[in-house]
Amino acid sequence: RISWTIPEVEPEVTASTLKLRIRGSNRLHNYDHGTGRLVPKGGSTVPAPTYEVTVEGCEEGIEYEAVLAVMNSEGWSEPSPFSEAGWFGAALKSREKPPKPTSPTLTALGSGKLRVTWAVPSAAPPVEATQVQLTDVGTGKKWLIDLTGALVSAGRTSFAPSRTEVNIHGVQDCVEYAAEICCRNAEGFGEYSMSSDSVANIDAKGQIGGMQLVIHEGASTD
């Protein structure tokens with residue numbers, strides 16, 4: 001349950017908006033007053049004079065902090081400072097970085113494309129993001145994968161926990177690749193997984209490593 005004081009101002013406050021985060025995290029969850037639950041985006045406001053709500057969808061034994069802003073006919077206020085952390089349940093869970101994930105699955109799609117799929121491990125606090133790394137097996141060169149599937153050295157490389165697949169583009173044909181993943185929660189990044197099985201795309205002409213494969217038909221000779 002979260003409660004707050006509505007300031008007495010003119011024009012009067014007409015609504016409040018509430019956001020929560022896990023202690024130590026920068027990822028905010030919006031409170032949706034229509035459902036009484038946390039949602040990743042959007043969420044309806046709390047109409048005045050309501051100043052107390054019960055929030056569904058929080059994890060038992062995990063500490064949360066809340067921040068509030070209020071609105072009147074002139075617009076939105078600045079957000080409040082974050083509240084003291086609170087939780088529900090008999091006891092707090094011990095906090096640790098995410099465990100080492102299982103190896104992802106790497107699939108060759110042809111024409112310079114690969115697909116990586118993975119499973120997000122359970123953790124306390126829960127996983128907030130996954131990072132995907134691709135390795136050229138022959139040279140050892142590594143890249144991160146951004147949200148569009150491009151090979152990058154930095155940038156927007158954190159996949160939301162609801163996402164467990166990405167199609168990679170821009171890889172070379174006839175080159176062997178392997179993938180690894182690691183996960184992040186409010187405690188930080190855990191270890192990278194073991195590498196996936198390695199795969200390579202074969203180009204349209206059937207060439208592997210620069211050699212042409214040709215099947216000849218004819219009578220056998222002893």
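Let me start with W118 and F159, which are both buried; buried here is under 20% relative accessible area, exposed is over 50%, and partly exposed is in between, with a 1.4 Å probe and protein chains only. A word on the source: this is a predicted model, where local features need pLDDT of at least 70, side-chain atom pairs count only at pLDDT 80 or more, and totals for chains, interfaces and linings use all residues. Residues are numbered from 1 along each chain as its sequence is written, and side-chain values use heavy atoms, with hydrogens and water left out.

How many aromatic pairs does a search of the whole structure find? It finds 2. The criterion is that rings of Phe, Tyr and Trp (its six-membered ring) have centres within 6.5 Å; planes under 30 degrees apart are stacked, over 60 edge-to-face, and the rest tilted.

W118 and F159 make an edge-to-face pair, with 5.6 Å centre to centre and 65° between the planes. W118 sits in the loop between β10 (113-117) and β11 (129-136), and F159 in the loop between β13 (151-152) and β14 (165-169), so the pair ties together parts 41 residues apart in sequence. Strands are DSSP runs of E, at least two residues, numbered from the N terminus.

The other pair is W143 with Y177, which is tilted: 6.3 Å centre to centre, 55° between the planes. W143 belongs to strand β12 (residues 142-145) and Y177 to strand β15 (residues 177-185), so this contact ties together parts 34 residues apart in sequence. W143 counts as buried because its relative accessibility is 19%; for Y177 the value is 3%, so Y177 counts as buried.

Now the strands. An open sheet of 5 strands runs in the order β13-β12-β11-β15-β16, with antiparallel pairing; two strands pair if DSSP finds at least two bridges between them. β13 and β16 (188-189) are at the edges with a single partner strand each, so one side of each has no neighbour in the sheet. Within this sheet, β11 and β15 pair in the antiparallel sense over 8 bridges, and V132 has I181 in β15 as its bridge partner.

β10 and β14 also pair in the antiparallel sense, over 5 bridges, with K113 partnered by H169 in β14.

How values were computed: Helix = DSSP H or I, 4+ residues; strand = E, 2+ residues; numbered from the N terminus.
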